[in-house]
Amino acid sequence: MSLVGTAQLLDQDFQDVPVIDLQNISSTDPIRRRKLADEIRDACIRVGFFYVKNHGIPEDVINAVLEEAKSFFALPLEKKMEIEHRKTPNFKGYSPLLSGNNDPNGGGDLQEGFEFGWESPDQSKVDPEDDSSTSGVMAGANVWPSEDYIPGFRERVLRYYHAAVNLGKMMFPLFALALDLPEAFFDDKTQHSAALMKLLHYPPQTGPIDERVIGIGAHTDWECFTILWQEPGIQALQVLNSEKKWINAPPIPGTLVINLGDQFARWTNDIFKSTVHRAINRSGVRRYSIPLFFGTDYNVKLEPMLSCISPERPPKYEVITAGEYVKGKLQATYSH
Ligand SMILES: O=C(O)CCC(=O)C(=O)O
Ligand SMILES: [Fe+2]
């Protein structure tokens with residue numbers, strides 16, 4: 001069935017977030033791949049969010065990045081402020097509590113973060129002539145806290161990063177298949193994409209809560225999709241369904257969350273959903289989470305695919321480049 005037809009059939013409210021088993025993610029059997037892509041397609045059209053199990057990122061790699069996140073955020077504020085994102089090109093580095101505001105109606109996000117983008121696993125192999133990691137609208141190298149403050153941080157954080165980037169690279173062909181496109185469709189559009197990762201820390205919020213100041217206010221993500229690790233045992237993430245009801249997306253042991261962002265929504269004329277979500281930490285203890293945002297190269301135009309347009313479903317968005325889109329959103333988030 002056509003994508004537009006499937007989208008009409010599946011246009012119903014969701015009450016929970018589905019779990020998808022990725023054990024066949026590396027399979028070359030076309031039947032297995034199609035089956036997996038069909039599950040992904042269903043989740044992308046109905047919910048825009050799904051959990052993945054058997055994602056292949058080793059538990060010790062996850063435990064190590066969590067430890068580093070805890071140590072980093074426990075540093076004295078002035079040490080973290082040495083790499084404040086406002087001092088760096090393009091928002092890399094540390095963002096203190098309330099410095100961002102994802103919901104334009106909100107009063108600031110009650111989270112602190114550390115953000116960085118693509119960096120080769122082996123710096124000795126980086127070709128100085130190749131400016132791919134620093135080219136494009138969002139140019140700017142990463143900044144890291146001093147090794148004196150937090151030895152081993154960069155290495156252990158990058159170990160998780162590269163494992164998760166690898167998973168993201170394996171997801172793109174499946175998303176293409178889910179859209180009835182050749183599996184290589186995104187290859188030439190994701191040559192130099194930033195793959196931005198954030199370590200996030202949400203202090204607990206207790207007592208009466210001002211709904212305008214929560215962990216992260218209601219928002220959609222801006223890229224193609226996000227791979228999100230959330231700390232086990234702490235409910236905070238909520239996803240908005242079309243009845244405007246907040247559906248909890250609690251951490252499920254052994255899984256990651258994958259959610260779609262605005263670039264996919266624009267490309268698919270909203271057939272793939274970029275679903276509104278937020279996080280509130282009412283647990284009474286600190287909460288950590290780690291999103292990694294996968295976009296296309298910034299010069300790629302976000303044009304609706306022909307299979308996602310029909311006379312009843314005309315294009316919903318003006319065509320702009322991925323870079324223009326993301327940059328505009330970043331400025332709005334940090335200019336509150
Ligand atoms: O911390 C979370 O669970 C969600 C984070 C998030 O939505 C984001 O950073 O875009
Ligand atoms: Fe988000």
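Two strands count as paired here if DSSP finds at least two bridges between them. With that in hand, let's look at this predicted model, starting from one such pair.

Strand β8, residues 237-240, is joined to strand β11, residues 277-279, by three bridges. The two strands run antiparallel. Which residue in β11 is the bridge partner of Q238? That partner is R278.

This pair belongs to a wider arrangement. An open sheet is formed by four strands, and its order is β6-β11-β8-β9. The pairing in this sheet is antiparallel. At the edges sit β6 (216-219) and β9 (246-248), each of which pairs on one side only. From one strand to the next, the twist averages 25 degrees.

Here are the strands of the sheet with their residue ranges:

| Strand | Residues |
|---|---|
| β6 | residues 216-219 |
| β11 | residues 277-279 |
| β8 | residues 237-240 |
| β9 | residues 246-248 |

Now for the protein as a whole. Its secondary structure comes to seven helices and twelve strands. The C-alpha trace spans about 55 × 55 × 40 Å along its principal axes.

Why does the radius of gyration fit a compact globule? A compact globule with 336 residues would have a value near 20 Å, and the protein has 19 Å, so the two agree.

Of the 336 residues, 41% count as buried, the cut-off being 20 or more other C-beta atoms within 10 Å of a residue's own. Among contacts between residues at least 6 apart in sequence, 79% join residues at least 24 apart.

Methods: Residues are numbered from 1 along each chain as its sequence is written. Chains are lettered from A and ligands numbered from 1 in the order in which they are written. This is a predicted model: local features need pLDDT of at least 70, side-chain atom pairs count only at pLDDT 80 or more; totals for chains, interfaces and linings use all residues. Axes are lines fitted to C-alpha atoms, for helices over the stretch in contact, and angles run from 0 to 180 degrees between N-to-C directions. The radius of gyration is taken over C-alpha atoms; the globule rule is 2.2 Å times the number of residues to the power 0.38. A residue is buried if 20 or more other C-beta atoms lie within 10 Å of its own, exposed if 12 or fewer, and partly exposed in between; C-beta atoms are placed from the backbone. Two residues are in contact if their C-beta atoms, placed from the backbone, lie within 7 Å.
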